[in-house]
Amino acid sequence: MKKRGILYLVLALSLGSFITIYLLLGFYYSGSFAYGTWINHVYCTGKTVNEANNELKNNTFYNGIVVSAADGEKYFINSDSIDFSIDYYDELKNIMDSQNPFIWGENLFISKNREIPGSPSFDEEKLEKILLEWNLFDVTDKPYYQLKKNDSGYYLETSSEKTANFRKVYDFVKDAVYQKKYEADVSSLSDFYDDIKATEDDMKVYDLFERIDKVQNNDASIRIAENKISAAPSDITEWMITLDELDKAIDEEKSEENPGNGYFIAGDKVIEFPRDYRVEENIVTDKDGNILLSCSNVYDFICDKLAEIDTNQCIERYQKDGKGLIYVSGNKNGKLYDENKEYENFVNSIDGAGPAVSEIALPNKSLVLDGAELGKEYILVDMGNQHLRYYKNGKICIEYDIVTGNIGLGRGTPVGLYHIYNKRYHTILRGADYASFVNYWLGVNKGIGIHDATWRKEFGGEIYKRSGSHGCINSPLDLMEKLYNQVEVGVPVLLYY
């Protein structure tokens, strides 16, 4: 046989052997994965579907999921605790069914890895139970409404807290586990949290506040000339009876000193402390739910506010601030008002028995003046305290006790704002029944002036009530001399009781 024939025979035998081997391998791969099959980076060549499935399961790592809440808290759920597993059988079967075992040779040149997700499964009931153990879903015991108090009175604080919606969180986490995610972020307030709901008890607090707010915003007031006395909510809340003052209120006895003692405003009426009372959130009410206001506290409030318009307090404010009105009573007792009467009027304004605004009529000959009319230099003659003060550049220069007109005989020195209209040295003062020599005279109002009274040994006190002057302002000689030497014509003089 020629050499060429032998070569052809060898080639034919070799090719036949290759084809035989190739076909034999094709038959071999007909029940398993063909050569060069990589799935999820696992070499599956020659493995059956079940064998490859077990191999992939053993090479799958998923230890669980971390759930992140809105408050920054994190909660880990271990995959073993929910019986997590992944099965690849159906996807592997599809790959197996789609492969042609007789073209396995392609993998010699184009072999590559395939990725399949598999089918995760776990016990959803166990997941639900584990999630429920998280304190994220604990029912908050914080009330929706809270009654609070500050310097402006009572106010209602509404809770801004939210509560996690379990069903929304559970569904989100469940889907994340099915997707083999390692983290589930449920921190979004709008997606996973609900506002806490007002309970029946919360609504009782809301109703109480509505009653309190109506009372604390009462617009009762007293007007005196250009001044208005009204109670701010913070004032009214101090009159409300609370649990802390309950025993004191129950035991409060009536008295002439404070006509409000033993009485309480309850809605549209004034009552004694009720037998049937209630305590709501530390606030005491009557059986009908009316907030109880202490009349004794109302009386004290009115007295304190009225005292602010007393002449001396008005003067002090002017001296401090350089502005403000000064009220001067025309009465010889210096009273601008009757505390008891104004208290009754104010109570009637609060409970609706009277007008919301009650007016105080000033006594005859009373006056209201702008403090600026005094200027920086002036004389104050406080006849109620029988004391004279001389101010210059806003500072007191001279002060001493005096004796003014005898009010017992109807010769009381008249009130008013006057000015020094003349000065006389060594002069005789004459009247229908007297003639008195004085060393120093400062004319104030017609025949009334400030002068020395050498015939007096004592000044101040209540001398003016039984042994006062004919209307002038009697002064000690040495101090009158000082005053005379410093004061010029035109200086304002305020006479008041």
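Me: Which crossing does H11 make as it passes H13, right-handed or left-handed?

Reply: H11 passes H13 in a right-handed crossing. Keep in mind that this is a predicted model.

Me: Within what distance do the axes of helix H11 and helix H13 come, and at roughly what angle do they cross?

Reply: Helix H11 covers residues 295-307 and helix H13 covers residues 339-351. Their axes come within 10 Å and cross at roughly 120°. An angle of 65 to 115 degrees would count as roughly perpendicular, and one over 145 as roughly antiparallel. H11 and H13 are therefore oblique to each other.

Me: Which residues in H11 meet which residues in H13?

Reply: From H11 come Cys-295, Val-298, Tyr-299, Phe-301, Ile-302, Cys-303 and Leu-306. H13 supplies Glu-339, Asn-340, Glu-342, Tyr-343, Phe-346, Val-347 and Ile-350. Sorted by type, the residues of this contact are 11 nonpolar, 1 polar and 2 charged.

Me: At roughly what angle do the axes of helix H2 and helix H3 cross?

Reply: For helix H2 (residues 49-58) and helix H3 (residues 89-98), the crossing angle is roughly 135°, and the axes come within 9 Å. H2 and H3 are therefore oblique to each other. Their crossing is right-handed.

Me: Which residues in H2 meet H3?

Reply: They are Val-49, Asn-50, Ala-52, Asn-53 and Leu-56, which meet Tyr-89, Leu-92, Lys-93 and Met-96 in H3. The contact of H2 with H3 is made up of 6 nonpolar, 2 polar and 1 charged residues.

Me: With which residue does Lys-93 form a salt bridge?

Reply: The partner is Asp-97, and the closest N and O atoms of the pair are 2.9 Å apart. A salt bridge needs such a pair within 4 Å. Lys-93 and Asp-97 are separated by about one helical turn because they are 4 residues apart in helix H3. Lys-93 counts as partly exposed, at 30% relative accessibility.

Me: How many salt bridges does the count come to?

Reply: The count comes to 20 salt bridges. One of them joins the side chains of Arg-223 and Glu-359, at 3.9 Å from N to O. This pair links distant parts of the chain, with Arg-223 in strand E13 (residues 221-224) and Glu-359 in strand E21 (residues 357-360), 136 residues apart.

Me: Which residues are linked with Arg-278 and Glu-280 in a network of salt bridges?

Reply: The network also takes in Asp-207 and Arg-211. Glu-280 is buried, with a relative accessible area of 16%, while Arg-278 is partly exposed at 35%.

Me: Where is the place of Ser-358, and is the residue buried or exposed?

Reply: Ser-358 is in strand E21. With a relative accessible area of 7%, Ser-358 is buried. Leaving aside neighbours within four places in sequence, Ser-358 is in contact with Ser-221, Ile-222, Arg-223, Asn-345 and Ser-349.

Me: Where is the place of Leu-374?

Reply: Leu-374 is in the loop between strand E22 (367-370) and strand E23 (378-382). Leu-374 is buried, with a relative accessible area of 2%. If residues up to four places away in sequence are not counted, Leu-374 touches Tyr-318, Ile-326, Leu-380, Leu-417, Pro-492 and Leu-494. From Leu-374 to Glu-226 there are 148 residues in sequence and 19 Å in space, C-alpha to C-alpha.

Me: What is the phi of Lys-365?

Reply: Lys-365 has a positive phi of about 70°, although it is not a glycine. Lys-365 lies in the loop between E21 and E22 and counts as exposed at 72% relative accessibility.

Me: What phi does Asn-393 have?

Reply: Asn-393 is not a glycine either, and has a positive phi of about 55°. The loop between strand E24 (387-392) and strand E25 (395-401) holds Asn-393. Asn-393 is exposed, with a relative accessible area of 62%.

Definitions and conventions. Residues are numbered from 1 along each chain as its sequence is written. This is a predicted model: local features need pLDDT of at least 70, side-chain atom pairs count only at pLDDT 80 or more; totals for chains, interfaces and linings use all residues. Side-chain values use heavy atoms; hydrogens and water are left out. Axes are lines fitted to C-alpha atoms, for helices over the stretch in contact, and angles run from 0 to 180 degrees between N-to-C directions. Helices (H or I, at least four residues) and strands (E, at least two) are DSSP runs, numbered from the N terminus. Angles under 35 degrees count as roughly parallel, over 145 as roughly antiparallel, 65 to 115 as roughly perpendicular and the rest as oblique. A crossing is left-handed if the near helix is turned anticlockwise from the far one by less than a right angle, and right-handed if clockwise. Contact means heavy atoms within 4.5 Å. Ala, Val, Leu, Ile, Met, Phe, Trp, Tyr, Cys and Pro count as nonpolar, Asp, Glu, Lys and Arg as charged, and the others, Gly among them, as polar. Buried means under 20% relative accessible area, exposed over 50%, partly exposed in between (1.4 Å probe, protein chains only).
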